[in-house]
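I opened a new notebook page for this structure. These entries record what I looked up, in the order in which I looked.

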Amino acid sequence: MKVAILLYPGTWSERDFAHAFGLLGIEHEIVWHADADLHGFDAAIVPGGFSYGDHLRAGAIAKLSPATRELRRAAADGMPILGSCNGFQILCEAGLLPGALVRNTHLEFRCDWVRMRVESEETPFTRGLGGELLRMPIAHGEGCWVADEDTLLRVESSGQVALRYVDERGTATPEANPNGSTANIAGLRNEAGNVLGLMPHPERCVEDLLGGTDGRRMLEGLGARTVIPA
Amino acid sequence: MAEFAATIHVRPKAEVRDPQGEAITAALRSLGFDVAQVRTGKEFVVRFSAADETRAREAARTMGDQLLANPVIDDYAVELRAPARSVPR
């Protein structure tokens, strides 16, 4: 397993992902977006940050990168692809995931911890975690997922909602929703299940020192489930 | 080739919430205005060359479709002017 971690101008979480995969013993390489050639890789990460300074819309300019063509090809070939935060925004802008991510309804940049319930196991990152509650950090101002009614019905009925913001009892309440996202949606998968996008940061909760280890449960899905003491 | 200037107005679709517009509504009310609603948007003024007006209009729409607006959340309208020299630089 070798993971490509894409780096756009303005990406800020690529080294956190590299650190996380290092802890998990998963081979990885940070790849500059303009040179992206995903042949020779087994999975790809689109990390968080502010690609192109979020100019125009978050992810709008990054979607024109040569990396998007590669991501599209690799996604069609079934490659596991994970987009977190700005990576989720880029995947939506590129049309690899449905809907769009807009300004948080309360207009605040929210830096916090959230809980999510795993609603779909049909991704390489959530396999075996169905129904589990995961606690992860967020840091975003534009994480409110929206779509037209048909798209919402489609993602709900086809099981594409992979993660939903919930409270400590596992209930999707307005209070548990950090950004006003439609139906408390925190993460979505594509129809095939190999592409997952989520607003929270699994790479920032892979060791106790960072306040949580649930991110490891998601990322280790790519590897041989290397056991490292927490 | 002729020079054109297109103004592309991008606004969130009617059914998409516009929290910035809501905040501005509240702010205008605090100034004493009897404001029912504010919808925000963006305006892009693009100077470019095209063979003729038809092509220019097509090009401006393609800019809207492929980059300036996100079809999931935005509507947009194109205003085309030529020649561009009449537009202040």
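**Entry 1: a term I need first.** I call a residue buried if 20 or more other C-beta atoms lie within 10 Å of its own, and exposed if 12 or fewer do. I also note that this is a predicted model.

**Entry 2: helix H3 of chain A.** I went through helix H3 (residues 86-93) of chain A with that cut-off, and eight of its eight residues are buried. By name, the buried residues of H3(A) are A:Asn86, A:Gly87, A:Phe88, A:Gln89, A:Ile90, A:Leu91, A:Cys92 and A:Glu93. What covers the buried residues of H3(A)? I found that the cover includes four strands of chain A: E3 (43-46), E4 (81-84), E5 (100-102) and E11 (195-198). After H3(A) comes A:Gly95, and its phi is positive, near 80°.

**Entry 3: strand E10 of chain A.** Strand E10 (residues 185-189) of chain A is also mostly covered, with five of its five residues buried. I looked at its pairing next. As background, I wrote down that strands of a sheet pair through backbone hydrogen bonds, either parallel or antiparallel. Strand E9 (residues 161-165) of chain A runs antiparallel to E10(A), and three bridges join them. Within that pairing, A:Leu163 has A:Gly187 of E10(A) as its bridge partner. E10(A) is joined to E11(A) by three bridges as well, again antiparallel. There the bridge partner of A:Gly187 is A:Leu198 in E11(A). E10(A) and E11(A) make a hairpin with five residues between them. In the turn of that hairpin, A:Gly193 has a positive phi of about 95°.

**Entry 4: one residue at the surface.** Is A:Glu149 buried or exposed? I counted 9 other C-beta atoms within 10 Å of A:Glu149, so it is exposed. A:Glu149 lies in helix H4 (residues 149-157) of chain A. I also took a distance from A:Glu149 to A:Thr126, which is 23 residues away along the chain. Their C-alpha atoms are separated by 26 Å.

**Entry 5: chain A as a whole.** I counted five helices and 11 strands in chain A. Its radius of gyration is 16 Å, close to the 17 Å that the globule rule gives for 230 residues, so chain A is as compact as a globular protein of that length. Taken along the principal axes, its C-alpha atoms fill a box of roughly 40 × 40 × 30 Å. Of the 230 residues, 57% count as buried. I then took the contacts in chain A between residues at least 6 apart in sequence, and 75% of these join residues at least 24 apart.

**Entry 6: confidence in chain A.** The mean pLDDT of chain A is 95, and 97% of its residues reach 70 or more.

**Entry 7: chain B as a whole.** Chain B has two helices and three strands, and along the sequence they follow the pattern β-α-β-α-β. The radius of gyration of chain B is 16 Å, well over the 12 Å that the globule rule gives for 89 residues, so chain B is more spread out than a compact globule. The box filled by its C-alpha atoms is roughly 50 × 30 × 15 Å along the principal axes. Buried residues make up 16% of the 89 residues.

**Entry 8: the sheet of chain B.** What is the order of the strands in the open sheet of chain B? I read E2-E1-E3, with antiparallel pairing. Strands E2 (42-50) and E3 (74-81) of chain B are the edge strands, and each pairs on one side only. From one strand to the next, the twist averages 25°. Strand E1 (residues 2-12) of chain B pairs with E3(B) over eight bridges, and B:Ala6 stands opposite B:Leu80 in E3(B). Helix H2 (residues 53-68) of chain B lies across E1, E2 and E3 of chain B, at about 155° to E3(B).

**Entry 9: where the chains meet.** I found 11 residues of chain A in contact with nine residues of chain B. The chain A side of this contact has six nonpolar, two polar and three charged residues.

Key: Residues numbered from 1 in each chain as written. Chains lettered and ligands numbered in written order. Predicted model: local features only at pLDDT ≥ 70, side-chain atom pairs only at ≥ 80, totals over all residues. Contact = placed C-beta atoms within 7 Å. Nonpolar A, V, L, I, M, F, W, Y, C, P; charged D, E, K, R; others polar. Rg over C-alpha atoms; globule rule 2.2 N^0.38 Å. Pairing = 2+ DSSP bridges. Axes fitted to C-alpha atoms, helices over the stretch in contact; angles between N-to-C directions. pLDDT = per-residue confidence, 0-100.
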